[in-house]
Amino acid sequence: MEKKIILASKSPRRIELLTKAGFDVVVKPADINEVVDPELKPHEVVMSLAKQKAYAVRDSINPGSDIIIAADTIVYLDEIIGKPIDRADAERILMCLSGKEHRVYSGVAILSPNAEVIFSERTDVFFKSYTVEELQEYLDTDEPYDKAGAYAIQGYFGRFIDHIEGDYDNVMGLPVNSLIRYLKPYL
C-alpha cells in the first residue's frame with residue numbers, strides 16, 4: 001500500500017510546491033497556538049512550530065502508515081517579522097526591508113510511523129531599494145497580506161529582489177529539495 005502524504009498546512013504555496021514535486025497530498029491544516037520560547041534562535045523557532053503542527057495533526061487523526069509533513073516559515077531581520085496585520089503594517093515591514101539583506105527560515109517536521117525528522121533551512125534574500133510610489137503600487141495588490149515579511153518572491157514583488165543565496169523554494173515556504181532528501185528513506 002502506498003503511503004499518503006498528509007500536509008499539516010493549507011498554504012497554497014506549499015501545496016503547489018509538493019504537487020510540482022510529484023506528491024499527491026492530503027491537506028489537513030494544523031490548529032495550534034503559535035507560542036514559542038523567546039530565547040530560541042530563528043531556526044529553532046521554525047523547527048519548534050513545525051513540530052507542534054505535525055504533532056497536532058497526528059493527534060487529531062489516525063495516520064496509520066501515512067507520513068505527516070508540517071512546515072513554518074519566518075522572515076528575520078534583527079527580529080522575527082511575521083505576516084502583516086494590515087496595509088500600514090505591510091508598508092512598515094517593507095520599508096524596513098528596502099535595500100537590505102534579510103534571512104528566511106523554514107522549519108520542516110516529518111512524522112512517519114517509525115521516525116521523526118525535523119530540520120531547518122535558511123535562505124538569504126537581498127532586496128533592491130524601491131520608492132514609496134513603487135511600494136504603494138505593490139500594496140494595492142492582494143499579495144502582501146498573508147505572507148511572512150509581506151512579500152512573495154514568486155509574485156509581483158519578485159521584481160524588487162536583487163538576488164538570493166540559498167533555496168528559492170524555501171523563500172516560498174518549503175525547501176523541497178531538502179524535504180525530498182530527508183523524506184526518501186520513509187517512502
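Trainee: In this predicted model, which residues does R13 join in a network of salt bridges?

Mentor: R13 is linked with D146 and K147 in that network. The structure holds twelve salt bridges.

Trainee: What makes E34 and K53 a salt bridge?

Mentor: Their closest N and O atoms are 3.8 Å apart. The cut-off is within 4 Å, so the pair qualifies. E34 sits in the loop between β2 and α2, and K53 in helix α2, so the pair ties together parts 19 residues apart in sequence.

Trainee: Why is K53 called buried?

Mentor: Its relative accessible area is 10%. E34 has 48% relative accessibility. Exposed needs over 50%, so E34 counts as partly exposed.

Trainee: How do you know that E116 forms a salt bridge with K51?

Mentor: The closest N and O atoms of E116 and K51 are 3.8 Å apart. That is within 4 Å, so the pair counts. E116 lies in strand β6 and K51 in helix α2, so this bridge ties together parts 65 residues apart in sequence.

Trainee: And D59 with R58: why is D59 exposed, but R58 partly exposed?

Mentor: D59 has a relative accessible area of 57%. That is over 50%, so D59 is exposed. R58 has 33%. The closest N and O atoms of their salt bridge are 3.1 Å apart.

Trainee: What is the secondary structure of the chain?

Mentor: Six helices and seven strands.

Trainee: Why is the chain called as compact as a globular protein of its length?

Mentor: Its radius of gyration is 17 Å, close to the 16 Å that the globule rule gives for 187 residues, so the description holds.

Conventions
Residues are numbered from 1 along each chain as its sequence is written. This is a predicted model: local features need pLDDT of at least 70, side-chain atom pairs count only at pLDDT 80 or more; totals for chains, interfaces and linings use all residues. Side-chain values use heavy atoms; hydrogens and water are left out. Helices (H or I, at least four residues) and strands (E, at least two) are DSSP runs, numbered from the N terminus. The radius of gyration is taken over C-alpha atoms; the globule rule is 2.2 Å times the number of residues to the power 0.38. A salt bridge is a side-chain nitrogen of Lys or Arg within 4 Å of a carboxyl oxygen of Asp or Glu. Buried means under 20% relative accessible area, exposed over 50%, partly exposed in between (1.4 Å probe, protein chains only).
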